[in-house]
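Subject: Structure handover

Hi,

My notes follow below it.

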Amino acid sequence: MSRRKTRPRTAPRTAPAPAALAAPSATPDSPCPCGLDAAYGACCGRFHAGTGGTAPTAELLMRSRYSAFAVRDESYLLRTWAPETRPDEVGFDPGLRWTGLEIEATTEGTAFHRHGTVTFTARYVHDGEPGALRERSRFARHEGAWVYVDGDVTE
Ligand SMILES: [Zn+2]
C-alpha cells in the first residue's frame, strides 16, 4: 500500500487529531489486524517487533504491512519498503482507521521466488465513511527479505 493514493483528505492539514482518533493500539493478545485467525503478537506483531525474523512470503509481508498501517508502525513500513521507492516518512491520516484486509490473489512470492504480487482489498473508515482500497502490489527481495516495491490501484 502506498500513501493516501485514493483517500480523500477532508481535514485541514493543521487540524489537531481529536483524542478519540489517536493511533489504534494493539496488544500481543488482541486479534491481529491482518485478518488471520491469530493474536497480534504471534502474527504480524512478531515481525513489527523484530522478534520473528522477517516475513517469509510476499503475502505475509503484505499482511504485516497492512497491520503496520493499522497500528501506525512507521518504522516497520519504512524498513519493509524497497529503497528505490521508499518515502522519507509515512503520513498517517488521523481520521482514517483500517478495518479489514482480504487477500484476493498472489503470484510467486514464496521462499523460492525473488518477486511476487499480492492483490488485496483493504477496508477503512475515513471520517465516519466506509471505503475500500483495492491494489495489486509488487514485492521483491532486498538483502534476502521481502520488501514492498509499488502497486497499482485497481477497481
Ligand atoms: Zn497478522
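Which residues does Ser67 touch, not counting those up to four places away in sequence? They are Cys32, Pro33, Cys34 and Cys44. Please keep in mind that this is a predicted model.

**Ser67 and its helix**

Ser67 sits in helix H2, which covers residues 58–71. It counts as buried, because 25 C-beta neighbours lie inside 10 Å and the cut-off for buried is 20 or more. Gly35 is 32 residues away from Ser67 along the chain. Their C-alpha atoms are separated by 9.1 Å.

H2 itself passes a simple length check. It has 14 residues, so at 1.5 Å a residue it should span 20 Å. The end C-alpha atoms are 20 Å apart, which agrees. Of those 14 residues, 13 are buried, so H2 is largely enclosed by the rest of the structure. Arg72 follows H2 and has a positive phi, near 60°.

**Overall layout**

The chain has three helices and four strands. Along the sequence the pattern reads α-α-α-β-β-β-β. There are 155 residues in the chain, and buried residues make up 29% of them. Take the contacts between residues at least 6 apart in sequence: 50% of these join residues at least 24 apart.

**The sheet**

The four strands form an open sheet, ordered S1-S2-S3-S4, with antiparallel pairing. S1 and S4 (145–153) are the edge strands, and each pairs on one side only. Neighbouring strands in this sheet are turned by 30° against each other on average, direction ignored.

Here is the pairing, strand by strand:

- S1 (residues 96–108) and S2 (residues 115–126) run antiparallel and are joined by eleven bridges. Leu96 stands opposite His126 in S2. Thr107 has Thr117 in S2 as its bridge partner. Six residues lie between the strands of this hairpin, and Gly109 takes a positive phi near 80°.
- S2 and S3 also run antiparallel, with twelve bridges between them. Val118 stands opposite Ser137 in S3. This hairpin has two residues between its strands. Asp127, in the turn, has a positive phi of about 50°.
- S3 (residues 129–142) and S4 pair over eight bridges, in the antiparallel sense. His142 stands opposite Ala145 in S4.

**Helix against sheet**

What does H2 lie across? It lies across S1, S2, S3 and S4, and runs at about 170° to S1.

**The core**

The largest nonpolar core has 27 residues. Within it, Leu61, Tyr66 and Phe139 touch the most other members. H1 (44–49), H2, H3 (74–79), S1, S2 and S4 each supply at least two residues of this core. H2 gives the most, with eight residues.

Leaving aside neighbours within four places in sequence, Leu61 is in contact with Ala55, Thr80, Phe139 and Trp146.

**A loop residue for contrast**

Glu74 is 17 residues from Gly91 in sequence. In space the two are 8.5 Å apart, C-alpha to C-alpha.

**Confidence**

The average pLDDT of the chain is 89. Of the residues, 85% score at least 70. Residues 11–21 are another matter: pLDDT stays under 50 there. For that stretch the model has five contacts beyond four places in sequence. Where pLDDT is low, the predicted coordinates should not be read in detail.

Over to you.

Notes:
Residues are numbered from 1 along each chain as its sequence is written. This is a predicted model: local features need pLDDT of at least 70, side-chain atom pairs count only at pLDDT 80 or more; totals for chains, interfaces and linings use all residues. A residue is buried if 20 or more other C-beta atoms lie within 10 Å of its own, exposed if 12 or fewer, and partly exposed in between; C-beta atoms are placed from the backbone. Two residues are in contact if their C-beta atoms, placed from the backbone, lie within 7 Å. The expected span of a helix is 1.5 Å times one less than its number of residues. Two strands pair if DSSP finds at least two bridges between them. Axes are lines fitted to C-alpha atoms, for helices over the stretch in contact, and angles run from 0 to 180 degrees between N-to-C directions. A nonpolar core is a set of buried Ala, Val, Leu, Ile, Met, Phe, Trp, Tyr and Cys residues joined through C-beta atoms within 7 Å. pLDDT is the predictor's confidence in each residue, from 0 to 100.
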